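Keep the picture open as you read.

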Amino acid sequence: MSTDLESISSSSIVIVGAGPAGLAAASTLTAAGRPCVLIDMSVRPGGQFWRHPGTDLVLASKTKENQGHHHWSAFTQMRSQLEDAARSGLLDYRPGQQVWAIEQDADKHFLLYLTESVRSQGAPRPAPVAVSTLILATGAYDRQLPFPGWTLPGVMAAGGVQALLKSSRVPAGLRPVVAGTGPFLMPVAAGLARAGAEHIQVCDANSLTGWARDPWGAVQAPSKGLEGVEYAGSFLRHRVRMRMRTAVVAAMGDGRVEAVRLARLTRDGSVIQGSEWEIPADLVATGWGFTPSLELPLALGTATRVDTDGSLIVDADPDGRTSVPGLLAAGEIVGVAGAVQALTQGELAALAALSDSGASVSASRRRKLHSRSRRGARFARAMNKAAPVPQNWSSWLTDETIVCRCEEVTHGVLKQMPTDLDAQEPRTLRVAGRAGMGMCQGRVCGFAVSCLGHREGGDRVAELTSLGRRPVAAPVPLAEIAQTPSQLQISGTGAQ
Amino acid sequence: MTEFILDGKPIPFLPGQTIGAALMSAGVTSWRTTRVEEMPRGMFCGIGICFDCLITVNGVPDQRACLTLAEEGADVHRS
């Protein structure tokens with residue numbers, strides 16, 4: 001164990017991530033009088049879902065803090081509770097810090113190596129933390145599929161467009177096309193409309209009738225239905241055009257996006273011949289569901305499985321316990337299901353941690369949460385069935401299309417990888433083809449490369465894991481790695 | 001109005017906005033050139049995971065423009 005390890009109270013529980021799941025866990029623990037440490041990469045709590053501007057920008061932009069948000073009172077209630085807990089010393093809140101590496105020592109303590117999200121010159125680096133109970137609530141980011149022109153400035157992740165609006169009040173474009181699949185495209189379009197964008201087109205590769213595949217699941221989350229009605233009203237007012245079974249199959253422009261090519265799709269995602277047309281656009285906001293952030297659980301060897309949306313997730317029990325004793329998981333990393341479900345899971349994981357350490361936990365409270373969580377999971381399954389990644393998405397690619405944005409590896413190069421028995425495996429495309437070996441370490445192209453390298457009968461858990469492993473989970477200056485006196489083996493790339 | 005300097009050019013921002021947001025607001029859509037194909041890049045993921053938006057701020061290279069808050073008079077350079 002390193003000598004400069006920070007000692008925290010032995011009964012403390014560390015939570016990574018201050019989105020809905022992490023906040024719910026921290027609220028539950030501090031309400032029970034349990035000390036905890038809450039580590040979060042953002043400067044303000046809320047995660048991607050409740051991302052919001054600071055007071056200075058709220059005043060300067062003359063907007064409300066909660067503009068465009070749902071369930072805001074749930075957030076402010078937890079926030080004020082946690083502010084009290086921080087004042088009393090029960091909560092040690094660490095905004096602006098990321099865990100860049102994690103391991104277990106011989107005593108089964110989790111060692112968390114920290115770095116600042118935004119480096120500042122001369123600032124002391126945060127000391128590593130050791131803890132025996134850890135709750136991971138690291139969330140998810142937009143899942144992406146490459147298409148010709150997607151590296152042009154003006155093509156952005158839908159969640160990034162939303163983040164710009166939520167935290168900086170800046171619309172990323174004024175003539176946007178919001179494309180991909182799933183209900184998350186709607187709030188992005190609504191946010192852009194409110195910010196003054198015009199001629200907005202929303203293109204979903206699937207069809208809303210997909211909900212009919214599991215109508216019972218779809219009605220399990222009534223508040224989602226109400227949000228849908230709200231968007232329908234906003235779309236009418238702002239003349240947002242919804243197009244089903246339609247995708248952006250190319251973006252064009254000189255140094256930035258100026259136009260996009262749309263195409264009508266068959267059910268499996270193939271372009272219907274002769275259905276393509278071009279429209280002007282200054283922004284393409286794309287998202288194909290979400291990819292859970294699994295760096296930390298994978299580094300600890302946690303058991304995983306593939307969810308109904310095709311994502312690799314942590315295999316946890318209904319209370320969030322993972323295959324690693326002392327390690328709990330909550331929120332999108334145990335299955336992408338949205339903020340309401342994450343709140344339930346965060347509370348459950350906190351109760352499990354309390355109960356595992358001998359505290360008494362109300363059985364009826366757990367029962368209620370379990371039943372709410374089952375309903376949430378049913379809704380998520382229905383959503384996944386209605387909004388799958390189209391099977392034939394790769395037919396939109398040309399040989400020149402860049403797949404890995406960091407290393408600029410094209411689809412053509414990946415196709416030419418040796419075709420012996422193992423060569424098309426995702427891992428080979430990563431190691432030999434360098435796809436997913438750049439700065440983002442495959443976070444952006446990992447899912448796509450795993451599909452391109454998939455072989456009939458291939459093990460999806462292994463394929464996704466080979467592109468999801470990141471020994472260095474966040475960028476750190478090389479000096480910080482060199483100074484870390486531990487048994488940590490640095491075998492990957494990604495350090496700055 | 002507060003400002004920072006991008007390669008000698010003043011960029012206005014509201015307090016609390018990130019450097020990336022201020023640049024996009026000012027119509028600057030790219031501030032980095034790729035190694036291989038020398039293509040322009042700017043903001044992509046917007047939440048700190050893709051590293052497309054790297055920029056040099058007050059002499060510190062490779063900062064994520066989407067996470068780094070704009071500060072009055074900051075000396076910002078394309079990379």
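In helix 9 of chain A, A:Val340, A:Gln341, A:Thr344, A:Gln345, A:Glu347, A:Leu348 and A:Leu351 meet A:Arg366, A:Leu369, A:Arg372, A:Ser373, A:Gly376 and A:Ala380 of helix 10 of chain A. Being in contact means that the C-beta atoms of two residues, placed from the backbone, lie within 7 Å. Helices here are DSSP runs of H or I with at least four residues, strands are E runs of at least two, and both are numbered from the N terminus.

This is a predicted model, in which local features need pLDDT of at least 70 and side-chain atom pairs count only at pLDDT 80 or more, while totals for chains, interfaces and linings use all residues. Residues are numbered from 1 along each chain as its sequence is written, and chains are lettered from A and ligands numbered from 1 in the order in which they are written.

Now look at the core. The largest nonpolar core has 177 residues, and A:Ala25 is among those with the most contacts inside it. Such a core is a set of buried Ala, Val, Leu, Ile, Met, Phe, Trp, Tyr and Cys residues joined through C-beta atoms within 7 Å; buried means that 20 or more other C-beta atoms lie within 10 Å of a residue's own, all placed from the backbone. Helix 9 of chain A gives the most to this core, with 10 residues. Leaving aside neighbours within four places in sequence, A:Ala25 touches residues including A:Ile135, A:Glu347 and A:Ala350.

Finally, turn to the two chains: 37 residues of chain A are in contact with 32 residues of chain B. Helix 4 of chain A gives the most to the side of chain A that touches chain B, with 6 residues.

Methods:
A residue is buried if 20 or more other C-beta atoms lie within 10 Å of its own, exposed if 12 or fewer, and partly exposed in between; C-beta atoms are placed from the backbone.
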